[in-house]
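Subject: Structure handover

Hello,

Here is the structure I promised to pass on. Please open it and keep it beside you while you read my notes.

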Amino acid sequence: METDYSRKAKLLIELVNDLRKLGGNQFNLDIPCMAFIGNQSAGKSSVVEGATGTVYDPKQVEIWLKRAQAAILSPNTKPEEFHAKTSDDIKALHASMLPFSLNTIELLVRDPDGTDLCFVDLPGIIQHHPTNPAMVPFVKDLVTRHIKKKNTLIVVTIPMPDEIDNQEAFQIASQVDPKGLRTIGVGTKPDMVGSGSLSLQKTWKNILEGNEWKLKHGYYCVKMPDDRERQKNSTKREWEKIEADFFDKKEPWKSISDRSRFGMRNFVENTSKLLVALIEKNLPTIKRTVDELLDSEKKKLKQLPPRALQGSILGTLDKDFIHRNQKRYGTFKDEIQRTAPALQASWRSRNEHAQDAIFLDDIRETIGSTIYQNTLGLVRVLISRPEHFGRFAELDAFVRNIVEEESESCQDQASTVLKKIFDMENGVPLYTANLDVYHQERNKWLNSVNASHKPQWNDELKVMADIHAYFQVSSSRFIDYIVLCIEQEWHHKLVGRLQERLIERIPTLSREQLDAMLREDPEISARREIITQRIEQLTKIKARLLDYEKEAARNAWVTELQQEDEVAVNDKA
């Protein structure tokens, strides 16, 4: 039935399945899950089969499962090579396959009438291996890895004819879940508990009633069809009826009052509710973990070596370089300001000489040599760093030669533009369109001297005011032009030219040699690729979580409307 709960359960089960597909387990998200474990011959496979129901075409599913298993157990062979293999082909490869693998096969079974459920079917725990004794601890470790996560419900299948304390699967579950808070017991093969085994019957009656071997979620008892019964090809409904009749007519099972502990249908429905509740409870934690991991991976990516020279020029990488240049530009501004005429409200003495004055040609030489060496120093340092060209011995000299050539060319071009700026300021006419600032500076200077000097000096003072005002306007203009010229004609053009010339000047090599010559450090490249892939996966996981929230909210809204319609109909009635 399409109840509110079943819709929510379906959404949650689909969500966790998608989170696993997107690699959620790689990030240790501890996605809620149910794991089936048991000793070999404990009836676990039958329980798994009963939980998944009848498959439409078992033979077609079986061959694809065999192909998937063979691919996983043959890591040195491409998976697509198994797509067309027959059962006989796969059987012939058994000798060369691994006995077990930590990888998993995902099987999606859709049952329109069934309860939503997702689980992991782990290998049966073995006591010995005919050819490889190391497989015994390997399987135990594999089982333990899956069930030790705190959000995994552990389903332990226990053959009822055997003593429960002899079941190693139960002992492993008890080690990782000593209080039995997330372990669920499933008794199998109840029909093999003979009528004369009174002690065994009593033990299992006490277990199912919660008086012995206590677990928070208790135990279930199922009776699965044997090989003879399977040949009858009974439907799911028919087998549920056969199973129910067995428990209703046989002692001691028929005398146990809690009937919800019997039958595969009850087991699946009740454990499904536990799983759905666990998923819903842990969604906020999963979302928070994904956000934290995403932030962490993005920070790791930023810490990897970025594009070096351009980042330094723009100030996004090397702040010290920008600060050194800004400091030099500030000094340049002070030097220009010191070239201002020493205007005094008196006539110049013949004995006075401007020995300390700094002229424009001095400034040009100072600025050109300092900024030029500053930039070349940065480039050389970047080349030598191990995260850049420094780790490529054969490229180091090659790149340095190109840098020296292109830097000289860029410097010549920048010097040509600088000379034009100097010539413009030194030539005629003296001109400015910035009259507002010019008049403001002129009046300010006149106001500062007029009050203390005689009227007969007015013409001379006006000339001095003109000189002062023009200097203030032209020096500010000149400072800006010089700095902009250096940034544009030297720094930014150098970045562009170096990138172009490095590609143009690479010798004629084969594609393999070219790739090897310019390839990033394999370790850094691998780290970048892994981090980028993790960011992509986490982004998809986050998007899937947001999709679930939207779908859940939409379903809640639809349910609310349906309830309002029902109320309205009842009111009319």
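A contact here means heavy atoms within 4.5 Å. With that in hand, take the contacts in the protein chain with a separation of 6 or more: 77% of them are between residues 24 or more positions apart. Keep in mind that this is a predicted model.

**The chain overall**

The protein chain has 573 residues, and 38% of them count as buried. Its secondary structure comes to 18 helices and five strands.

**Cysteines**

How many disulfides does a search of the whole structure find? It finds zero. Cys33 has a relative accessible area of 8%, so it is buried, because buried means under 20%. Cys485 is buried too, at 5% relative accessibility.

**Aromatic rings**

The whole structure holds eight aromatic pairs. One of them is Trp204 with Tyr219. Their ring centres are 6.5 Å apart. Their planes stand at 85 degrees, so the pair is edge-to-face, because over 60 degrees counts as edge-to-face.

**Charges over rings**

Find Trp64 next. Arg67 lies over the face of its ring, 4.6 Å from the ring centre. Then go to Phe82. Lys85 lies over that ring face, at 5.8 Å from the centre.

**The loop between H9 and H10**

This loop runs between helix H9 (236–249) and helix H10 (264–303), and Ser255 lies in it. Pro252 lies in this loop as well. Which residue does a cis peptide bond join to Pro252? It is Glu251, and omega is about 0 degrees.

Ser255 ties in with both of these residues. Its side chain makes a polar contact with the side chain of Glu251, at 3.2 Å. The Ser255 side chain also reaches the backbone oxygen of Pro252, at 2.8 Å. At 38% relative accessibility, Ser255 is partly exposed, because that class lies between 20% and 50%. Now look across to Lys205. Ser255 and Lys205 are 50 residues apart along the chain. Their C-alpha atoms are separated by 9.0 Å.

**Two positive phi values**

Which residues other than glycine have a positive phi? Ser41 is one of them, with phi near 65 degrees. Ser41 is in the loop between strand E1 (33–38) and helix H2 (44–52). It is exposed, at 63% relative accessibility.

Lys189 is another, with phi of about 60 degrees. Lys189 lies in the loop between strand E4 (183–188) and H7. It is partly exposed, with a relative accessible area of 30%.

Best wishes

Technical notes. Residues are numbered from 1 along each chain as its sequence is written. This is a predicted model: local features need pLDDT of at least 70, side-chain atom pairs count only at pLDDT 80 or more; totals for chains, interfaces and linings use all residues. Side-chain values use heavy atoms; hydrogens and water are left out. A disulfide is a pair of cysteine sulfur atoms within 2.5 Å. Buried means under 20% relative accessible area, exposed over 50%, partly exposed in between (1.4 Å probe, protein chains only). Helices (H or I, at least four residues) and strands (E, at least two) are DSSP runs, numbered from the N terminus. Rings of Phe, Tyr and Trp (its six-membered ring) pair if their centres lie within 6.5 Å; planes under 30 degrees apart count as stacked, over 60 as edge-to-face and the rest as tilted. A charge sits over a ring if NZ of Lys or CZ of Arg is within 6 Å of the ring centre and within 35 degrees of the ring normal. A polar contact is a pair of N or O atoms within 3.5 Å; within protein, one must be able to donate a hydrogen and the other to accept it, and residues adjacent in sequence count only if both atoms are side-chain atoms.
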